[in-house]
Amino acid sequence: MPLSDIPNLTIFEIHNKLKNLDFTPTDLLNVIFSRINDHEPTINGFISIFKEKAYQEAEIIGEKFKTGAELSLLAGIPIAVKDNICVKDELTTCGSKILHNFRSPYDATAIKQLKKAGAIVIGKTNLDEFAMGSSNETSYFGPVKNPLNPNYVPGGSSGGSAAVVAYGGSIGALGSDTGGSIRQPASFCGVVGLKPTYGRVSRYGLVAFASSLDCIGPIAKNVCDVALILSIIAGYDLHDATTVDFPVGSLIPDKNKVKDYTLGIPKEYLEEEIDDEVRKVFNDTIKELKDYVREIKIVSLPHTPYHLPCYYLICTAEASSNLARYDGVRYGLREKSEYLIQMYEATRDVGFGKEVKRRILLGTYALSKGYYDEYYGTAQKVRSLIKKDFDDAFRECDLIITPTSPTLPFKLNERITNPLAMYRSDVFTTGPSLAGLPAISVAAPQKVGGFSVGIQIIGRPFGEKEILDCALAIEELNK
């Protein structure tokens, strides 16, 4: 096998070859950085790359393999990290001018876990500014392009992480998902992305956008690699009071388990506007799955029409509060001014982009005196109803299956001036986020115009193993 084919192997296969000394972690990095050199001028998936440190770590791990030491499956595996997750001493920009020069003094808990397992963090990936977007066009560091066709968006906001995995610039990656920011770019780039149950993975070291929704999750080329990375970063963390002390257990997926599962298709999702090509691929996938699962039935999520407005009220309100800390005093950019208030205003005016300002304004209005109960309070009540819808549906089925996005990837600049059209990209992913449920996007067997169509599988709280089982069964349909 030529070394250039290494990025097409699974982490399990790479580990065995490292263990058998077929190639070294340094050889692996040579291939990865060669891919990065070839693709980055077009794709723009990375904001920063840690080449020197990566090679130093690869040398150390390579020596351990030579001694026959028993190492973690992630030992020597290159991992890219979305640039809103803190890596000690490295830039954490959130794709924003206001943090363009900020270096984190500590590692996020998820990064600590990866490093402990021997994974090599090779760089920080591009994203929509402060993870606010569905196309990866709002970064201060320029838009990311879709590796499947550079004229199209890779999805957002973890588009950088999805894109570099898709072109082989990393074996795996971490993203963050607030309303679909891992699943939608995974769908657009033809890779696998998983949003865990809220509380499954520590948010310590993840720059807050909407605290009650944000989750760190893995992106990789296949389901087993996603399961492996999740098993490393999941677990209770004293630094994050929202993590849950619940056993992680084995997450290794088993496609044969799906024969015991009943899949539910929400009838309200099928009533949404869906591209004809996406609907056809989804329906064809369901037909193929019927032979493998116990049953597929229609279920109801009656508050589906309220998913998007509820999500955007809550996330903008929480964003307006979280982003108040960027005032030129504590972090990053500071514009000069004679008076303190004017310095605040100038720093935030220059430091934030249009989409971030739009969301801060919307959120501040929703939280303002006289409107708090009417908007934010109502949205929280609706959120409870949405959660109840899912609870009721899971009395009739084990997993819920939907398209990940109602559309195929769209062209660059096509929706950037139409925020409502952009927000509709998240119509199928915001519901599970509001309910705190785990969900995964995996590519359907058929492609359309060179693009994959993502299939989303939603599970009960802490039901990551079940959604991985089903995702593996769909992945196997591709073979």
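1. Helix H13, spanning residues 373-393, comprises 21 residues and reaches 29 Å from its first C-alpha to its last, close to the 30 Å expected at 1.5 Å a residue; the expected span is 1.5 Å times one less than the number of residues, and helices (H or I, at least four residues) and strands (E, at least two) are DSSP runs numbered from the N terminus. The buried residues of H13 are Tyr376, Gly377, Ala379, Val382, Arg383, Ile386, Asp389, Phe390 and Ala393, where buried means under 20% relative accessible area (1.4 Å probe, protein chains only).

2. The model is a predicted one, in which local features need pLDDT of at least 70 and side-chain atom pairs count only at pLDDT 80 or more, whereas totals for chains, interfaces and linings use all residues. Residues are numbered from 1 along each chain as its sequence is written, and side-chain values use heavy atoms, with hydrogens and water left out.

3. Helix H11 (residues 340-351) has 12 residues and reaches 16 Å from its first C-alpha to its last, close to the 16 Å expected at 1.5 Å a residue. Its buried residues are Met343, Thr347 and Gly351. These cover an arc of only 40 degrees around the axis, which puts them on the same side of H11; the arc is that of the directions from the helix axis to the C-beta atoms.

4. An open sheet of 11 strands runs in the order S1-S3-S2-S4-S6-S5-S10-S11-S9-S7-S8, with mixed pairing, two strands being paired if DSSP finds at least two bridges between them. Strand S1 (46-49) and strand S8 (295-299) stand at the edges, each with a single partner strand, so one side of each is left without a neighbour in the sheet.

5. Within this sheet, strand S10 (residues 439-448) and strand S11 (residues 451-458) pair in the antiparallel sense over 7 bridges. Val442 stands opposite Ile455 in S11.

6. Helix H4 (residues 109-116) packs on the sheet, touching strands S2 (78-82), S3 (120-125), S4 (172-177) and S6 (215-220), with contact meaning heavy atoms within 4.5 Å.

7. With a disulfide taken as a pair of cysteine sulfur atoms within 2.5 Å, the count comes to 0 disulfides. Cys315 is in no disulfide, and the nearest cysteine sulfur, that of Cys310, is 9.9 Å away; Cys315 counts as buried at 0% relative accessibility. Cys470 is likewise in no disulfide, the nearest cysteine sulfur, that of Cys397, being 11 Å away, and Cys470 is buried with a relative accessible area of 1%.

Terms used. Buried < 20%, exposed > 50% of the residue type's maximum accessible area, 1.4 Å probe, protein only. Axes fitted to C-alpha atoms, helices over the stretch in contact; angles between N-to-C directions.
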